[in-house]
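Me: I would like to learn how to read a protein model. Please take me through one, feature by feature.

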Amino acid sequence: MKKLRWAMDGGFWELDLSTPTTLEGVARAVPDDPLPLGLSRGTRLSRPNQIDFFQRFMAMPFVPSASISTHGFSLQRVFAFPFSENWIVSLLGQFNVQKFLSSVNEGGGLLQPSNSSWLQGIGRHFSDKSLYALGLSSELLITPDDTLVVGLEAHGDNKAPRKKAVFRHKFPNHNLIMEAVWPGLFVDKSGTYWDVPLSMAIDLASVGCNSSASYHLSLLHNTGAPVQFDGNQTHEVPATLLPGLCAKGAFALKKNIDLWRSKAQKLKMVQPFDIFLSNPHISLSGVIGAVGTACLGDNSVRVQEDDELHGFKGFKLCVPRVKSALLADIFASASFTAQHGNFQKLFLDLTRLYARLDFPSGSKFLAGTTRLTQDLYNSQQPSLEALQAVCPAATLSLQQQIAGPFSFRIDSGVALDLKNRELHLNVKEPVFAIEYALQVLGSAKAVAWYSPKHQEFMVELSFFEI
């Protein structure tokens with residue numbers, strides 16, 4: 001999941017979420033007002049490239065993954081065909097082990113009285129098309145700055161095939177991404193997956209240092225009625241996924257401050273397991289920014305819904321007759337990072353703590369503050385809605401070295417729910433992971449993570465991410 005990358009990778013610029021639900025291994029965050037943008041991407045290897053690396057350099061003939069709510073436990077393998085230095089075609093195959101074992105048990109075993117041989121019993125079960133899924137992708141490096149990716153994902157259980165086309169271009173200090181996916185996979189705040197029949201996006205993002213100004217310009221167009229990925233319609237469709245056109249512009253200022261950084265010498269002739277995790281320090285980081293949104297279509301109704309639900313009037317303009325809306329808001333974030341150890345020794349040489357407070361909507365925060373001030377001034381009991389509006393969303397992450405390149409990590413969101421009288425503090429989407437640092441590559445790691453809420457397990461590969 002996205003929390004397995006420290007917030008400096010994205011923070012408010014939302015990253016795609018990792019998920020084994022599809023062969024591509026990613027889902028886009030459902031856009032919200034003002035955040036998340038729902039468009040921005042983080043630098044990462046494609047799923048076929050990750051599996052190809054595991055097979056070539058880590059002696060893993062098959063890469064496991066699991067999604068209990070959808071297809072269960074599966075094994076994946078990639079066959080790569082490099083036609084030239086600039087063009088590679090990958091075929092990703094998936095075998096549903098859990099479904100295969102279930103079919104064997106339900107069928108009374110591999111050998112049936114009607115079968116003349118044990119091999120025929122095996123063949124009967126392995127011939128079930130619903131056990132398999134195939135993903136075909138083509139990655140063409142047109143120029144050193146231009147990349148075109150085309151993909152097709154098909155399942156043997158008659159699910160609708162997934163198709164995508166992505167074009168990436170590197171400008172000086174900017175990245176441009178143009179993408180079309182049908183259907184597009186999204187995940188909302190409650191963890192529900194949604195399929196949008198056709199989703200097209202353009203994202204222009206500035207690339208700068210950690211302490212600098214940055215901005216994003218995004219355009220998203222959805223077509224067709226969204227449906228839940230599992231086929232059930234037990235949740236209300238997020239308004240931002242309804243058909244329509246949405247343009248967003250976001251600007252942010254970020255400042256990093258080192259409260260303390262170790263100047264002690266590291267062990268000589270010993271390379272850290274990860275060069276990005278080799279400097280003990282304590283630091284603070286702050287982000288403040290603004291987002292402007294323009295909507296045209298059925299997705300504009302969310303502005304009206306927000307007014308009715310919260311009673312807070314932000315900077316919004318809605319024209320129901322032409323199904324259009326304008327919205328502007330500010331946001332802020334503050335984070336704290338502390339690390340002990342150089343990640344050089346074999347045992348307990350890395351302890352890393354990260355905490356972040358997010359204020360995703362400045363208008364709601366200011367309106368809540370005003371309401372609280374009025375209630376206190378008039379000697380009235382503070383409104384629960386006002387208290388909820390001023391409470392930030394928190395993200396906590398802890399990483400601890402176990403032995404050598406292995407470390408344990410837990411990430412989780414924490415939120416206050418004042419309307420819940422039994423338990424005000426909610427732990428949101430905890431993710432547990434074991435990381436294996438690939439020391440010879442400087443800063444790379446294999447991550448095996450499990451999400452109890454989504455009941456998902458996945459093994460991933462990442463380079464130069466902390």
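The dialogue below goes through confidence, layout, a helix, cores, ring pairs and single residues.

Me: What kind of model is this, and how are residues numbered and side chains treated?

Reply: This is a predicted model, in which local features need pLDDT of at least 70 and side-chain atom pairs count only at pLDDT 80 or more, while totals for chains, interfaces and linings use all residues. Residues are numbered from 1 along each chain as its sequence is written, and side-chain values use heavy atoms, with hydrogens and water left out.

Me: Where is confidence lowest and where is it highest?

Reply: The score to read is pLDDT, the predictor's confidence in each residue, from 0 to 100. The protein averages 85, and 86% of the residues score at least 70. Helix 4 (residues 301-310) has the lowest confidence, with a mean of 52, and strand 5 (residues 87-96) the highest, at 96. Over residues 1-11 the pLDDT stays under 50. Residues 305-311 are also below 50.

Me: How many helices and strands does the protein have?

Reply: Helices (H or I, at least four residues) and strands (E, at least two) are DSSP runs, numbered from the N terminus. The protein has 6 helices and 24 strands.

Me: What share of the residues counts as buried?

Reply: Buried means under 20% relative accessible area, exposed means over 50%, and partly exposed lies in between (1.4 Å probe, protein chains only). Of the 466 residues, 45% count as buried. A contact means heavy atoms within 4.5 Å. Among contacts with a separation of 6 or more, 59% are between residues 24 or more positions apart.

Me: Why does the length of helix 5 agree with what its residues should span?

Reply: The expected span of a helix is 1.5 Å times one less than its number of residues. Helix 5 (residues 362-377) has 16 residues and should span 22 Å; its end C-alpha atoms are 22 Å apart, which agrees.

Me: Which residues of helix 5 are buried, and what do they pack against?

Reply: An α-helix has 3.6 residues a turn, so residues three or four places apart point the same way. In helix 5 the buried residues are Gly 362, Ser 363, Gly 368, Leu 372 and Asp 375. Strand 18 (324-340) and helix 6 (384-390) are what these buried residues pack against. Just after helix 5, Ser 379 has a positive phi of about 60°.

Me: Which residues of the largest nonpolar core touch the most other members?

Reply: A nonpolar core is a set of buried Ala, Val, Leu, Ile, Met, Phe, Trp, Tyr and Cys residues joined through side-chain atoms within 4.5 Å. The largest one has 14 residues, and Ile 51, Phe 54, Val 63, Leu 92, Leu 438 and Leu 461 touch the most other members. At least two residues each come from helix 1 (47-57), strand 23 (444-451) and strand 24 (456-463). Helix 1 gives the largest share of this core, 3 residues. Apart from this core lies another, of 7 residues, including Leu 17, Ala 29, Leu 185 and Val 187.

Me: How many aromatic pairs are there in the whole structure?

Reply: A pair of aromatic rings is described by the distance of the centres and the angle of the planes. Rings of Phe, Tyr and Trp (its six-membered ring) pair if their centres lie within 6.5 Å; planes under 30 degrees apart count as stacked, over 60 as edge-to-face and the rest as tilted. A search of the whole structure finds 10 such pairs. For Phe 95 and Phe 100 the ring centres are 5.6 Å apart and the planes are at 50°, so this pair is tilted. Phe 100 and Phe 126 are also a tilted pair, with 4.6 Å between centres and 35° between planes. This pair links distant parts of the chain, since Phe 100 is in helix 2 (residues 97-106) and Phe 126 in helix 3 (residues 118-126), 26 residues apart. Ring pairs join Phe 95, Phe 100, Phe 126 and Tyr 132 into a cluster.

Me: Is Phe 100 buried or exposed?

Reply: Phe 100 is buried, with a relative accessible area of 11%. Phe 126 has 35% and is partly exposed.

Me: Where is Trp 87, and what does Trp 87 touch?

Reply: Trp 87 is in strand 5. Its relative accessibility is 35%, so Trp 87 counts as partly exposed. Not counting residues up to four places away in sequence, Trp 87 touches Phe 81, Pro 82, Ser 138, Glu 139 and Leu 140.
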